[in-house]
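Let's take a friendly tour of a protein chain, from its overall layout down to a few side chains. Have a look at the picture below, then read on.

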Amino acid sequence: MKIILSGITVLALTAGLVGCNNNKGALDRNDNDVRPIGYYSNEGDNRGDLDRSKGPVTDMMDNNRTDHNVTYHEDYDGALAEKIRNRVNSMNNVDDAHVILNDNNVIVGIDTSENDKSAVDQRVYREVKKLVPNRDVRVTTDDSIVNRIKNVDNNLRDGKTTNEVSSDIKGIMSDIGKAGTNLGDAVKRPFENNR
């Protein structure tokens with residue numbers, strides 16, 4: 001009985017689609033009544049030439065911000081953050097870098113596939129310090145902290161102020177110190193703990 005009902009349902013749906021044909025095709029997407037735009041089409045939508053094969057949810061949740069229009073808040077030094085990010089991203093063994101500027105601090109989170117993460121931390125620290133010699137630089141490759149830095153970085157790139165994410169930044173800075181990946185202190189005073 002279920003097989004017969006299923007067959008009748010499929011037949012009825014097929015007949016309905018054939019009845020809507022109008023000699024143009026039942027599913028003609030270029031009908032003048034509708035202009036397909038947005039996540040559910042491959043038509044242009046003013047977002048540039050993006051890879052549409054990922055799907056709408058992946059597209060919205062994608063942390064790779066190459067297709068994202070960066071709109072830093074006017075009080076945030078987005079130009080410096082981008083300069084640091086670009087420099088670090090051009091380094092060997094750095095897959096992706098995320099940068100947060102807060103007061104006199106520069107926080108850099110690094111995605112890397114390198115096994116010796118501390119060596120990457122140190123190379124990145126030295127390179128960033130050349131760019132901003134008068135700032136405190138903190139570098140980490142700790143995955144959980146890097147993900148938090150990435151989230152704050154994305155919020156800042158979306159135009160939020162540092163005040164809106166200040167509690168997150170304070171937590172990140174505290175956790176970098178606890179994780180022992182605060183290279184700012186480690187590189188400046190390498191033998192201080194041996195006194």
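## What counts as buried

A residue is called buried when its relative accessible area is under 20%. Threonine 112 has 13% relative accessibility, so threonine 112 counts as buried. Please keep in mind that you are looking at a predicted model.

## The overall layout

How many helices and strands does the protein chain have? There are 7 helices and 3 strands. Starting at the N terminus, their order is α-α-α-β-β-α-β-α-α-α.

The protein chain has 195 residues, and 32% of them are buried. Among contacts with a separation of 6 or more, 56% are between residues 24 or more positions apart.

Where does threonine 112 lie? You can find threonine 112 in the loop between strand E2 (105–111) and helix H4 (117–131). A polar atom of its side chain is 2.4 Å from the backbone oxygen of asparagine 93, and the side chain of threonine 112 also reaches the backbone nitrogen of glutamate 114 at 3.0 Å. Setting aside neighbours within four places in sequence, threonine 112 has contacts with Asn93, Asp95, Lys117, Val120 and Thr141.

That list leads us to threonine 141, which sits in the loop between strand E3 (136–140) and helix H5 (143–157). With a relative accessible area of 5%, threonine 141 is buried. Its side chain makes a polar contact of 3.4 Å with the side chain of aspartate 121. Again leaving out neighbours within four places in sequence, threonine 141 touches Ile110, Thr112, Lys117, Asp121 and Val146.

Helix H3 covers residues 78–89, which makes 12 residues. From its first C-alpha to its last, helix H3 reaches 16 Å, close to the 16 Å expected at 1.5 Å a residue. Buried residues in H3 include Leu80, Glu82, Ile84 and Arg85. What do the buried residues of H3 pack against? Their partners are strand E1 (96–102), E2, H4 and H5.

Helix H5 has 15 residues, which should span 21 Å at 1.5 Å a residue; the end C-alpha atoms are 20 Å apart, so the two values agree. Among the buried residues of H5 are Ile145, Val146, Asp153 and Arg157. After H5 comes glycine 159, with a positive phi near 105 degrees.

## A network of salt bridges

Side chains of opposite charge can pair when their charged atoms come close. The whole structure holds 8 salt bridges. In one of them, glutamate 82 pairs with arginine 85, and their closest N and O atoms are 3.0 Å apart. Both residues belong to helix H3, where they are 3 residues apart, about one turn of the helix.

Glutamate 82 also forms a salt bridge with arginine 157, with the closest N and O atoms 3.4 Å apart. Because glutamate 82 lies in helix H3 and arginine 157 in helix H5, this pair ties together parts that are 75 residues apart in sequence. Another bridge joins arginine 85 to aspartate 153, the closest N and O atoms being 2.6 Å apart. This pair, too, links distant parts of the chain, with arginine 85 in helix H3 and aspartate 153 in helix H5, 68 residues apart. Through shared partners, salt bridges join Glu82, Arg85, Asp153 and Arg157 into one network.

Note on methods:
Residues numbered from 1 in each chain as written. Predicted model: local features only at pLDDT ≥ 70, side-chain atom pairs only at ≥ 80, totals over all residues. Heavy atoms only, no water. Helix = DSSP H or I, 4+ residues; strand = E, 2+ residues; numbered from the N terminus. Buried < 20%, exposed > 50% of the residue type's maximum accessible area, 1.4 Å probe, protein only. Polar contact = N/O pair within 3.5 Å; in protein donor to acceptor, adjacent residues only side chain to side chain. Contact = heavy atoms within 4.5 Å. Expected span 1.5 Å × (residues − 1). Salt bridge = Lys/Arg side-chain N within 4 Å of Asp/Glu carboxyl O.
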